[in-house]
Amino acid sequence: MLFDTHAHYDDEQFDNDRQTLLASLPEHGVGLVVNPGITVETSRQAVDFARCHPHMYAAVGIHPENCHDFCPEQIQQLRQLAAEPKVVAIGEIGLDYYWAENPPKEVQQEAFRCQLALAEELHLPVIVHDREAHADTLSMVQEFPKVTGVFHCFSGSVEMARQLVDMGWMLSFNGAITFKNARKAPEVVRAIPLDRLMIETDAPYLTPVPYRGKRNDSTYVHLVAETIAAIRELPVEEVVRITTENGKRFFGIA
Ligand code: NI
């Protein structure tokens, strides 16, 4: 059974077939999915998916690209949503310095810090987005030594990966690792202990090869497992088993 630890089914690209697709995932071998929110509203939707589908779990959070109007009221709304039984993390939160139109760094950092504090208060792990912001993201999570989490779609160096592993963190990888130009990620996958590895799709984005360009969904997560199996020279069933176990342990799913 595969565990897609990061997919965005609130995205409008799923408007025409969302419920049928979600219901069909277990038939395709995908037995567990975590849907992180990127705003208060999409966090609420993620909670709804988890209510409707036994194999779906939710994370609640405000993505750095969506924190223009961040305010303490939103933390209160996330706190209420996080009280739902199938909310397993605070996310997707973090820093994104890639897009020029993103909120100013100070605003992103304020939103990130407040959500890390919320995770600490609620004893929940975090799902971190770090794009072109490695140093700041690492130093901000180090401000919260009691909080643990996962760097999703990890794009840092082997050295940064080792530092996170030493801090007890997880790293997750998606279709980007199947792209021809993937260099650092395979090196990291080779370097870190298997018990720190999770797989994801980040659907509807980052569709793995050979389906790159199409809409992504959780049924493609096996392609990520296959790529990791090839890198680590392990049977794919072994990678599927280990990454599912890791995801269950990390998110506290029985
Ligand atoms: Ni995401």
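## Helices and their numbering

Helices here are DSSP runs of type H or I with at least four residues, and they are numbered from the N terminus. The model described below is predicted.

## Helix α8

Helix α8 covers residues 221-232. The twelve residues of α8 reach 17 Å from the first C-alpha to the last, close to the 16 Å expected at 1.5 Å a residue. Just after α8, glutamate 233 has a positive phi of about 55°.

Several residues of α8 are buried: Val221, Leu223, Val224, Ala225, Ile228, Ala229 and Ile231. An α-helix has 3.6 residues a turn, so residues three or four places apart point the same way. The elements that the buried residues of α8 pack against include the strands β1, β2 (30-36), β7 (170-173) and β8 (197-199). They also pack against the helices α7 (184-191) and α9 (236-251).

## Helix α9

Among the buried residues of α9 are Val239, Val240, Ile242, Phe250 and Phe251. Thr243, Thr244, Asn246 and Gly247 are buried in α9 as well. Glycine 252 follows α9 and has a positive phi, near 70°.

## Nonpolar cores

In soluble globular proteins, nonpolar side chains tend to be buried together. The largest nonpolar core in this model holds 69 residues. The members that touch the most others are Tyr9, Ile90, Val126, Phe154, Leu171, Phe173 and Ile228. Helix α8 gives the largest share of this core, six residues. A second, separate core has 14 residues, including Ala59, Met170, Met198 and Ile253.

Leaving aside neighbours within four places in sequence, leucine 171 is in contact with Val150, Phe151, Phe154, Ala161 and Leu164, among others. Its contacts also include Val188, Ile192, Arg196, Leu197 and Met198.

## The nickel site

The nickel ion has protein donors from His6 (NE2), His8 (NE2), Glu92 (OE) and Asp202 (OD), at 2.1 to 2.5 Å. Along the chain, these donors follow the spacing H-x1-H-x83-E-x109-D. Histidine 8 and glutamate 92 link distant parts of the chain, being 84 residues apart. Histidine 8 is in the loop between β1 (2-4) and α1 (18-24), whereas glutamate 92 is in strand β4 (residues 87-96). Both histidine 8 and glutamate 92 are buried.

Why is the arrangement of the four donor atoms irregular? The angles they subtend around the nickel ion run from 82 to 171°, whereas four donors count as tetrahedral if all angles lie between 85 and 135 degrees.

Key. Residues numbered from 1 in each chain as written. Predicted model: local features only at pLDDT ≥ 70, side-chain atom pairs only at ≥ 80, totals over all residues. Heavy atoms only, no water. Donors = N, O, S within 2.8 Å, 3.2 Å for Na, K, Ca; no water. Tetrahedral: all angles 85-135°; square planar, octahedral: opposite > 155°, others 65-115°. Helix = DSSP H or I, 4+ residues; strand = E, 2+ residues; numbered from the N terminus. Buried < 20%, exposed > 50% of the residue type's maximum accessible area, 1.4 Å probe, protein only. Core = buried A, V, L, I, M, F, W, Y, C linked by side-chain atoms within 4.5 Å. Contact = heavy atoms within 4.5 Å. Expected span 1.5 Å × (residues − 1).
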